[in-house]
Amino acid sequence: MSLIPPSDEQGLGQGYHSPQVDVDVRLNTNESPLPPPAAWVEELQAEVGRIPFHRYPDRDATELRAAIGDLHGVEPGQVFCANGSNEVLQTLLLTYGGPGRTAAVFEPTYALHGHICRLTRTAVAEGERNDDFTLDLVEVKRVLSEHRPAVTFLCSPNNPTGRVEPRDVVAHVLELAPGLVVVDEAYGQFAAWSALSLMGEGRPVVVVRTFSKTWSMAAARLGYLVGPAELVSELEKRALPYHLDAMKQAAGRLALRHRAEMDARVAALVEERGRLAAALGEMDVDTWPSEANFILFRPRRAGGDQVWRALLDRSVLIRNCSSWPRLDGCLRVTVGTPEENSAFLAALAQALA
Ligand SMILES: *Cc1c(COP(=O)(O)O)cnc(C)c1O
C-alpha cells in the first residue's frame with residue numbers, strides 16, 4: 001500500500017512549522033516571556049499530589065469550566081475546553097465543517113485556520129484584506145454570499161498583522177454570515193474590547209481563547225471557547241473521551257487565581273510594545289500598528305529572509321513571514337522582556353546596516 005495519505009491531496013505540504021532553534025533570544029512564537037507565577041507552580045505541585053492517577057479524569061472538567069465561566073460571566077455549560085485552542089478549532093471544524101462544507105478566512109491571518117480546514121476536509125474560501133490589513137466589508141460580503149461558508153473565521157487581534165477588528169465590523173460580519181462566526185482571541189487580553197460582548201440572543205458566534213500566551217502556559221496545551229450551550233454539547237460529542245487530563249484541568253483552574261498578576265504583565269508588555277514600535281519607527285523598516293504582543297514589520301531595503309538570517313546569526317530568533325502569501329518580505333517579532341527587546345533592536349540595527 002502507499003503510505004502517502006489521501007490528505008496530501010489537500011495540499012498540506014510540509015505541515016505547520018515554526019522552527020525551534022536553540023538561541024539566546026526567542027521572539028518567534030508570541031509566548032509570554034515570563035514563566036507562570038511561582039505561587040502557581042507551588043499550588044499546582046500540591047494539587048498534583050492529590051490527583052488519583054489510577055482513575056480517569058473528570059470528563060466534564062467541571063471545576064475548570066466553572067472557573068472559566070466565572071472569569072467571563074457565563075455558565076460552565078457555555079465553555080468547551082481542549083488541548084490548546086488549536087484543538088478547539090479542530091473540534092469546531094469536525095462538528096460544523098467537513099466534506100461538502102466551506103470555511104471563510106480573510107488573509108493574511110493565522111495559518112492554522114486554513115490548515116485545520118484542510119485536515120478536516122473543509123473547503124477554504126479565502127477573502128482578501130485591504131493593503132493596511134483591515135477588513136473590507138465589501139469583500140467580506142462577496143465571500144460570504146459567493147461561498148455560503150458554514151464557518152467564518154475572524155482573528156482579533158489578528159495574527160500576524162496585530163490589528164483588533166473593530167466592534168462594528170465584527171457585528172456586521174455576524175449579520176452577514178450564513179453560518180457560525182468564530183472569533184479567535186488568542187491575544188484578547190491585549191484588546192480594548194472582546195467579541196464576548198456580542199454573544200447572546202441566539203447569535204451564532206463563538207470566542208476562542210488560549211492559556212498559551214498571556215497565561216504563560218504554552219507547555220500545558222490548554223485552550224477553550226465560549227459559545228451557546230447547545231453548540232458546546234455538540235462539540236463534546238466529537239471530542240475524544242477524557243481528552244483533558246487531570247493535571248491540565250488543575251493547571252488551568254489554578255492559573256485563574258492569578259488574574260491580577262497576568263493583567264499587570266499585559267500592561268508591562270504593552271509598554272514594551274510601545275518602546276519597540278517607537279524604535280522600529282526610527283529604523284529603515286515599515287511597521288503596522290499592533291494591539292497584541294507582537295509587531296509585524298518589513299525591512300525597506302534589505303530582504304526579509306536576509307535580515308531574519310542575520311538576526312539568527314546574532315542568536316535572535318523571530319518569525320520569518322517573508323515568503324508567506326501577501327506578506328512579502330515581512331517579519332514578526334514577539335514582545336519579550338526589556339532585555340530581550342533591547343537585544344533584538346541592537347541586532348536588527350546591525351542586520352540593517
Ligand atoms: C498562538 C495562537 C493560538 C494558540 O494556539 P494554542 O493551540 O492554544 O497554543 C491560537 N490562535 C492564534 C491566532 C494564535 O496566534
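**Terms and their grounds**

Modeller: Serine 315 lies in the loop that joins α10 (304–313) to β11 (316–320); helices (H or I, at least four residues) and strands (E, at least two) are DSSP runs, numbered from the N terminus. This is a predicted model, in which local features need pLDDT of at least 70 and side-chain atom pairs count only at pLDDT 80 or more, while totals for chains, interfaces and linings use all residues. Residues are numbered from 1 along each chain as its sequence is written, and side-chain values use heavy atoms, with hydrogens and water left out.

Biologist: Why is serine 315 called buried?

Modeller: Buried means under 20% relative accessible area, exposed over 50%, and partly exposed in between (1.4 Å probe, protein chains only). Serine 315 has a relative accessible area of 18%, so it is buried.

Biologist: Which residues does serine 315 touch, not counting those up to four places away in sequence?

Modeller: They are Val23, Asp24 and Val25, where contact means heavy atoms within 4.5 Å.

Biologist: What makes strand β5 (residues 151–155) largely enclosed?

Modeller: Five of its five residues are buried, so the rest of the structure largely encloses β5. Val151, Phe153 and Cys155 cover one side, and Thr152 and Leu154 the other. In a regular strand the side chains alternate between the two faces of the sheet.

Biologist: How do you know that β5 and strand β6 (residues 180–184) pair?

Modeller: Pairing requires that DSSP finds at least two bridges between two strands. β5 and β6 have five, in the parallel sense, with valine 151 opposite leucine 180.
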